[in-house]
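Subject: Structure for your review

Dear colleague,

Please find the structure below, followed by an account of what was found in it.

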Amino acid sequence: MNKINIIESYRSSKVFVPDNMIRWIRSNHAGETGAVWIYIGARCVFWNKSIRNMAKEHFITEKKHLIVMSHILPSSKRSKLLILWRILGFSLGFISALFGYRFFCITIQSVENFVEKHYQEQIDFLFNNSLSFDLLQVLQICCNEEIEHQLEAKKNKGLQLNNTYENLWSCIIGKGSSLAVNISRFI
Ligand SMILES: [Fe+2]
Ligand SMILES: [Fe+2]
């Protein structure tokens, strides 16, 4: 299914969002906004062909995720800090791309590792409580695509083991993403 068909299939279906999922979907919308801007930032490092290609491809998926989240979350429920998530996403993408392809892949792997857990938590909640199967399916598709990004970044960063600085960077990304999600759940 191409990207337009997927968006159309979401548009034609009425995805029911239970009240107790609104905060989660708000954080998804904020996160997908940040993800789109990570790749806008990375694409500024246009002289690195590998980064440019990965950013171009991942941008399309993240844009699609953002359209889907925008479709299921009313404007009034969105994070009030979208400008901040755009700035932080852009800065993260641009700065990590400046350090080269391997460093950029480590950043993407760390971000996607967090995002996978974030989506999985929601999928488990919906499944365990037998809530909105439509929403569960949407989140599962997004989650699978985030896992694809994660595996691609892991494969492309090369066989060399992460050094201490890279492990520290992954840890910072994980903690930073968690903080951003917790803030966007409320504001
Ligand atoms: Fe995404
Ligand atoms: Fe992603």
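Which residues have the most contacts inside the largest nonpolar core? They are Ile 25, Ile 38, Ala 42, Ile 51, Met 69 and Phe 104, in a core of 35 residues. A nonpolar core is a set of buried Ala, Val, Leu, Ile, Met, Phe, Trp, Tyr and Cys residues joined through C-beta atoms within 7 Å; buried means that 20 or more other C-beta atoms lie within 10 Å of the residue's own, with C-beta atoms placed from the backbone. Helices 2, 3 (49-72), 4, 5 and 6 (133-156) each give two or more residues to this core, and helix 5 gives the most, with nine. Helices are DSSP runs (H or I, at least four residues), numbered from the N terminus.

This is a predicted model, in which local features need pLDDT of at least 70 and side-chain atom pairs count only at pLDDT 80 or more, while totals for chains, interfaces and linings use all residues. Residues are numbered from 1 along each chain as its sequence is written, and chains are lettered from A and ligands numbered from 1 in the order in which they are written.

In helix 7, the buried residues are Ile 173, Ser 177, Ala 180, Val 181 and Ser 184. These pack against helix 2 (22-43), helix 4 (82-98) and helix 5 (101-128), where contact means C-beta atoms, placed from the backbone, within 7 Å. Among the residues of helix 5 that meet helix 7 are Phe 114 and His 118.

Notes:
Buried ≥ 20, exposed ≤ 12 C-beta atoms within 10 Å, placed from the backbone. Contact = placed C-beta atoms within 7 Å.
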